[in-house]
Amino acid sequence: MSSNKKLFIQTLGCQMNDTDSQHMASELEKHKDYVQTNIMEEADLIIINTCSVREKPVSRLFSEIGQFNKKKKQGAKIGVAGCTASHLGEDIIRRAPAVDFVLGARNISKIKDIVDIKGSVEISINHDESTYEFATAKTNKYRASVNISVGCDKKCTYCIVPSTRGEEISIPPEMIVDQVRRSVAEGAVEVTLLGQNVNSYGRNFSDGRGKYTFTNLLQDVSKVEGLERIRFTSPHPLHMDDEFIEEFAKNPKISKCIHMPLQSGSTSILRAMKRGYTKEWFLNRAAKLRALVPNLRITTDIIVAFPGETQEDFEDTLDVVNQVRFNQIFNFKYSPRPGTEALNFADIEIPDENGSARLIELIELHKKHLVEIMDTYVGETMTVLIESLKPNGEVCGFTDNFLQVFTKGSDELLGQFVNIKITEASRTSLKGVVVL
Ligand code: 5AD
Ligand code: SF4
């Protein structure tokens with residue numbers, strides 16, 4: 001169907017937000033004749049899909065709205081969606097009257113109903129869209145993302161997400177398998193299963209059905225013919241039981257890269273964060289995974305300078321980093337968030353300069369590990385799914401354990417699994433030559 005209406009979406013935050021943006025775009029295309037554009041100035045509708053997990057992106061929102069409002073086409077609408085929309089609601093319109101509507105992170109399916117109603121605000125965190133049929137969401141031609149749950153039932157004391165995305169409800173497994181099948185029929189060979197806490201999957205379905213675990217879901221998804229790789233994010237270290245780890249190790253379709261968000265290596269800080277595990281449990285799970293899975297890559301999230309974090313606590317974190325030797329670390333300095341329990345510890349917050357110094361120390365340690373780890377790949381031959389063309393005559397793709405690899409080549413390699421002998425390593429990617 002031809003259309004003159006154009007949609008521009010700016011997405012901040014996590015992979016769930018990326019998928020939500022794709023779902024909004026497909027709903028607007030299907031019901032309202034919008035087509036997506038990368039050029040904000042030509043859009044008839046601008047949506048900012050926000051994140052509220054730390055203070056920085058929230059404070060940027062209002063200056064961004066101002067910028068968009070100044071440069072947008074005359075008469076173009078602006079909508080604010082996502083976690084900051086859930087959290088600030090109609091205050092957004094009060095502070096920035098240029099905003100036409102506000103759509104919370106748990107209300108994505110309502111986009112078609114509110115897009116034409118000036119001043120509408122839909123932010124209920126009790127709304128249940130766990131059985132809403134969205135279109136497939138593609139990262140690229142070969143890769144799709146599939147949501148497996150909405151919301152989060154954890155009570156991590158630093159985290160705003162439970163109050164922006166509401167209680168956790170699992171999407172029925174047959175809907176997930178169907179989404180995976182449809183994605184594969186459209187050309188995907190890899191899917192990423194997404195949820196705030198994927199391995200607590202199956203404890204709460206909206207139709208109240210019986211128990212079905214994340215491990216069961218992995219088994220069922222991997223039966224989809226034509227699907228080659230399954231990734232998922234984020235699992236919680238507390239729920240990495242033996243059954244899950246064994247399935248992870250033995251199922252050849254499951255990508256051998258796992259995200260294990262540590263947050264802190266100190267058991268007393270983990271307790272204050274209400275993470276539910278100890279330093280020893282985390283180390284035990286990581287060691288079990290490493291023992292069972294050759295070539296495993298482990299990525300993590302770490303928060304430094306949580307209120308009350310002593311030098312000793314921080315050294316526990318460095319100790320875990322030294323023992324696990326993570327393949328990628330997303331580092332954050334603690335950021336106090338409205339409505340979270342950790343605000344009660346405001347009197348023991350760590351001065352900002354100490355937090356920054358800890359962050360730098362952690363980053364430097366990890367860089368040292370990365371140089372050593374990445375160098376070990378030189379000379380190895382790895383299978384890479386080629387996903388994209390790069391300017392300078394190169395193509396790029398990822399290994400099963402999610403390493404990015406570049407090689408010389410052209411479009412006939414796209415979508416192929418090719419063997420590449422690694423000749424060069426940087427801290428974040430590899431380069432090599434195709435071998436037969
Ligand atoms: N301050 C800093 N980092 C945070 N994260 C979540 N909440 C906060 C906060 N208040 C980090 C966690 C989480 C990642 C997505 O963001 O490490 O795993
Ligand atoms: Fe940001 Fe968390 Fe919301 Fe994702 S779920 S957009 S990380 S606040």
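Is the crossing of α8 and α9 left-handed or right-handed? Please keep in mind that the structure before you is a predicted model.

Let us take the two helices. Helix α8 covers residues 214-221, and helix α9 covers residues 242-250. Their axes come within 9 Å and cross at roughly 20°. Because angles under 35 degrees count as roughly parallel, α8 is roughly parallel to α9. As for the opening question, the crossing of these two helices is left-handed.

I now move to ligand 1. Which residues are found around ligand 1? They are Val53, Arg54, Tyr158, Gln263, Asp301, Ile303, Phe332, Lys333, Tyr334, Ser335 and Arg337.

Asp301 has a side-chain N or O atom 2.6 Å from an oxygen atom of ligand 1. In Gln263, a polar side-chain atom lies 2.7 Å from an oxygen atom of the ligand. With Ser335 the backbone is involved: one of its backbone N or O atoms lies 2.7 Å from a nitrogen atom of ligand 1.

How much of the accessible area of ligand 1 does the protein cover? On its own, the ligand has 410 Å² of accessible area, and the protein covers 86% of that. Finally, which elements give two or more residues to the shell around ligand 1? These are the strands β14, spanning 297-304, and β15, spanning 328-333.

Terms used. Residues numbered from 1 in each chain as written. Chains lettered and ligands numbered in written order. Predicted model: local features only at pLDDT ≥ 70, side-chain atom pairs only at ≥ 80, totals over all residues. Heavy atoms only, no water. Near = heavy atom within 4 Å. Polar contact = N/O pair within 3.5 Å; in protein donor to acceptor, adjacent residues only side chain to side chain. Areas by Shrake-Rupley, 256 points an atom, 1.4 Å probe, with all protein chains shown as cover. Helix = DSSP H or I, 4+ residues; strand = E, 2+ residues; numbered from the N terminus. Axes fitted to C-alpha atoms, helices over the stretch in contact; angles between N-to-C directions. Parallel < 35°, antiparallel > 145°, perpendicular 65-115°, else oblique. Left-handed = near helix turned anticlockwise from the far one by under 90°.
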